[in-house]
Amino acid sequence: MFSFAAAIRLLSNWMHLVARVIPRIPVILIDTGYLFPETYRFVDTLADRLDLDLRVYRADISPAWLETRRVDSRRAAARASSTTIGSIK
């Protein structure tokens with residue numbers, strides 16, 4: 001059985017060991033916009049505690065905006081296909 005808490009402890013211990021060998025090692029976080037608040041807190045705590053060179057990457061457009069565009073394009077495609085099918089005789 002997977003334990004998130006155990007995985008976090010393992011990651012924290014591993015990062016501590018790496019940071020001792022390679023101080024200020026760049027650590028990349030891909031912020032999808034869907035991370036849990038606990039994840040952001042954990043990242044902040046770990047970055048502060050280990051003095052990590054945290055590099056956060058995220059999309060220029062928020063996930064909610066992208067999803068809205070996706071939904072709108074699907075609706076437009078559905079309208080276009082229903083119009084096309086309806087006009088075939």
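The model is predicted, so local features need pLDDT of at least 70 and side-chain atom pairs count only at pLDDT 80 or more, while totals for chains, interfaces and linings use all residues. Residues are numbered from 1 along each chain as its sequence is written, and side-chain values use heavy atoms, with hydrogens and water left out.

Colleague: What pattern does the protein chain follow along the sequence?

Modeller: Helices (H or I, at least four residues) and strands (E, at least two) are DSSP runs, numbered from the N terminus. The protein chain has 3 helices and 2 strands. Read along the sequence, the pattern is α-β-α-β-α.

Colleague: Is the β-α-β crossover right-handed or left-handed?

Modeller: Strands pair if DSSP finds at least two bridges between them; β1 and β2 (residues 53-58) pair in the parallel sense over 6 bridges. The chain crosses from β1 through α2 to β2. A crossover is right-handed if, with the strands pointing away from the viewer, the path from the first strand over the helix to the second runs clockwise. This crossover is right-handed.

Colleague: Is Ser-12 buried or exposed?

Modeller: Ser-12 lies in helix α1. With contact meaning heavy atoms within 4.5 Å, Ser-12 touches Phe-42, Leu-46 and Arg-49, not counting residues up to four places away in sequence. Buried means under 20% relative accessible area, exposed over 50% and partly exposed in between (1.4 Å probe, protein chains only). Because its relative accessible area is 15%, Ser-12 is buried.

Colleague: How does Ile-8 count, and at what relative accessibility?

Modeller: Ile-8 is also placed in helix α1. Its C-alpha is 9.8 Å from that of Thr-39, 31 residues apart in sequence. Ile-8 counts as partly exposed, because its relative accessibility is 23%.

Colleague: Which element gives the most to the lining of the largest pocket?

Modeller: A pocket is an open set of points on a 1 Å grid over the protein atoms alone where a 1.4 Å probe fits, with protein on both sides within 12 Å along at least five of seven lines; lining residues have an atom within 4 Å of a point. The largest pocket is lined by 14 residues, with Leu-11, Leu-29, Phe-42, Val-43 and Leu-46 nearest its centre. α1 (4-21), β1 (26-31) and α2 (37-50) each supply at least two lining residues. The most, 5 residues, come from α2.
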